[in-house]
Amino acid sequence: MKALQRHWENSPACSAYPLPPGGSAGFDFSVLSYNILSQDLLHDNSYLYRHCHPGVLSWDYRLPNLLAEIQHYNADILCLQEVQQDHYEHQIRPALTQLGYHCEYKKRTGNKPDGCAVIFKTSRLSLVSSNPVEFFRPGDALLDRDNVGLVVLLRPNDTSAQSDPSSFICVANTHLLYNPRRGDIKLAQLAILFAEIRRLSRLPDGSTNPVVLCGDFNSTPLSPLYSFLTTGCLEYQGLQIGMVSGQETSPKGQRLLTSPLWSNSLGINQRCQYEDKHTAESFINPAVEGAISNMTVEDLVNKAAAALYRARIEHSLKLQSSYQHCLPPDGRPEITTCHSRTAMTVDYILYTPTELVGRGLQLLGRLSLVGQSELEEVNGLPNHQHSSDHLPLLARFRYRR
C-alpha cells in the first residue's frame, strides 16, 4: 500500500533570527500533536470506517504502527488525544517510558474511556507541574460534557534554565467537544482552558512564559472559533451556534449565541481570565480605590452590566498556528483528519511567537501535511500505513529567552 509523502518544511523566519554568539539564549525542541483514535471510539463509530480493510482496524494491528510512527518522529514533546486509559496504562506508557519519555495523563470525566496525554523526553526537559483541567461542571446546563485538557509546565535541561528558575514552557493539550451544533460549549471549554493557561504561564512581574497549545479542536481554519484562537477576540452578536466550528457547511443549529456565553458562577470573565474580585468590586463600590467617585451606584452597576453582557470574548495569549492550512502552489486545504464522512483540518499546534512576548518561541519548521486527493490515493484513514483517522502534526521551535 502506498504511503503518504510528507516532507520537512523549514520556516522562512529561521535565517531572520540567528542565535546570538555562543547560542546560550536558544533552546530548540520539537512538538508532536496526534489524535491516535481510541479503539472504543472506533468501535462505537464503526460506520465512519466502512472504507477500511477490516484488518487495519484491530488494536493489535494499530498499536505497533502508532508506536513506530511516534518513535520515528522522535519528538521532544508529545501531545496525544483519544488515548484510551487501559491501553495507556498497560501498553503506551510502558513503551514510551522505555524510549526515555515521562508521561502525564488526564482521562475524560464520567464513563468515557479515553483522555489526553502530555509526554516528554526526560533527557531534554524536566517537569515543573502537571495540571489537569476538567470542563464538566456539575449543575451547569452548558458545561455538561466530559472533555478535558492538560496543562504541563516544563523546564529545559540547559544551563540557561538552571540559572533562571522562572524559565519554563507551558504546554497545553486538549480535545474539545465534537458536536458541530454546540459551538457555545466549545467556546466555554476554551475559556476554562485559557484561564488556566494564563494562570500557569504568568510570572509574578506580569510577564508570561511561552505557550504551546496542541489538540483536536473540532473546528476548521475558517471558523469563528479558530479566529478566536489566533486573534484573541470574537464578536458573536448574531452568530449562529452551528457556525462557530465550521464543521458543517449548512449547519442545522440555527439558534444564536446568547450573552454572556457562560455563567458568572464559573468565575471566569469575558477575557477568559479568572475573575479578580477586587476589580469586580471596583465597578460597583465607590469606596473601592479606582472607582469613579461622581457616578451613582446605579450608574456603576449599569456600567458593570454593560461590560459583562457585551457579546464579545477575548483572550491575551497571542497564539499563532504552526501551519498555513493551505498547500502550495494552488492553495488546496491541508487535511488533518479523514474518514468516510469528512476530510478537513481540526488539529493544531499553536504557539506564542517571539516578537509578541518577552519570552517567546520561534518556529523553525514543520512536517508538511497533505490534501484530500493524496488521502484518497491511500484509501483515506486509517489504512495499512497510517493507523489513526488523524495525521500527526510535528513542529520544531526555538525558545528564546
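1. Pairing and the first sheet. Two strands count as paired if DSSP finds at least two bridges between them. On that basis, this predicted model has an open sheet of seven strands, ordered β1-β18-β19-β2-β3-β5-β4. Its pairing is mixed. In general, the strands of a sheet pair through backbone hydrogen bonds, and they do so either parallel or antiparallel.

2. Edges of the seven-stranded sheet. Which strands stand at the edges? They are β1 (8-10) and β4 (101-107). Each has a single partner strand, so one side of each is left without a neighbour in the sheet. Ignoring direction, neighbouring strands here are turned by 25° against each other on average.

3. The β1 end. The partner to look at is β18, residues 360-367. β1 and β18 run antiparallel and are joined by three bridges.

4. Helix α2 (residues 59-73) lies across β2 (26-35), β3 (77-84), β18 and β19 (393-400). Its direction is at about 165° to β2. Helix α3 (residues 85-98) lies across β3, β4 and β5 (114-121). Helix α3 runs at about 165° to β4.

5. Lys-107 is found in strand β4. Leaving out residues up to four places away in sequence, Lys-107 touches Gln-85, Lys-112, Pro-113, Asp-114, Gly-115 and Val-148. Gln-81 is 26 residues from Lys-107 in sequence. In space, the two C-alpha atoms are 10.0 Å apart.

6. Six strands form another open sheet, in the order β6-β7-β8-β9-β17-β12. The pairing is mixed here as well. Strands β6 (125-134) and β12 (320-321) are at the edges, and each pairs on one side only. Inside the order, β9 (residues 211-216) and β17 (residues 347-351) pair in the antiparallel sense over five bridges. Leu-213 stands opposite Leu-350 in β17. Helix α5 (residues 183-201) packs on this sheet. Helix α5 touches β6, β7 (148-156), β8 (169-175) and β9, and its direction makes about 150° with that of β6.

7. The cavity. Rolling a probe the size of a water molecule over the atoms shows where empty space is left. How many cavities of 30 Å³ or more does a search of the whole structure find? The search finds one. About 40 Å³ of space lies in the largest cavity. Its lining is Ile-36, Leu-63, Leu-66, Leu-67, Ile-70, Leu-80 and Ile-92. The largest share, four residues, comes from α2. What classes of residue make up this lining? Seven are nonpolar, with no polar and no charged residues.

8. The largest pocket has a volume of about 810 Å³. It is lined by 31 residues, and the closest to its centre are Asn-45, Leu-48, Glu-82, Tyr-178 and Asn-218. The class count for the pocket lining is 11 nonpolar, 10 polar and 10 charged residues.

9. Backbone geometry to check. Most residues other than glycine have a negative phi, and most peptide bonds are trans. Leu-37 is not a glycine, yet has a positive phi of about 65°. Leu-37 lies in the loop between β2 and α1 (39-44). The peptide bond from Pro-328 to Pro-329 is cis, with omega near 0°. Pro-329 sits in the loop between β13 (326-327) and β14 (332-333). Leu-381 and Pro-382 are also joined by a cis peptide bond, with omega about -10°. Pro-382 is in the loop between α9 (372-377) and β19.

10. Confidence. The mean pLDDT of the protein is 90. Of its residues, 87% reach 70 or more. Where is the pLDDT below 50? It is below 50 over residues 278-293. Beyond near neighbours in sequence, this stretch has 18 contacts in the model.

Definitions and conventions
Residues are numbered from 1 along each chain as its sequence is written. This is a predicted model: local features need pLDDT of at least 70, side-chain atom pairs count only at pLDDT 80 or more; totals for chains, interfaces and linings use all residues. Side-chain values use heavy atoms; hydrogens and water are left out. On a 1 Å grid over the protein atoms alone, a cavity is a set of points where a 1.4 Å probe fits but cannot get out, and a pocket is an open set with protein on both sides within 12 Å along at least five of seven lines; lining residues have an atom within 4 Å of a point. Grid points are joined across faces, edges and corners, and a volume is the space filled by probe spheres set on the points. Ala, Val, Leu, Ile, Met, Phe, Trp, Tyr, Cys and Pro count as nonpolar, Asp, Glu, Lys and Arg as charged, and the others, Gly among them, as polar. pLDDT is the predictor's confidence in each residue, from 0 to 100. Contact means heavy atoms within 4.5 Å. Helices (H or I, at least four residues) and strands (E, at least two) are DSSP runs, numbered from the N terminus. Axes are lines fitted to C-alpha atoms, for helices over the stretch in contact, and angles run from 0 to 180 degrees between N-to-C directions.
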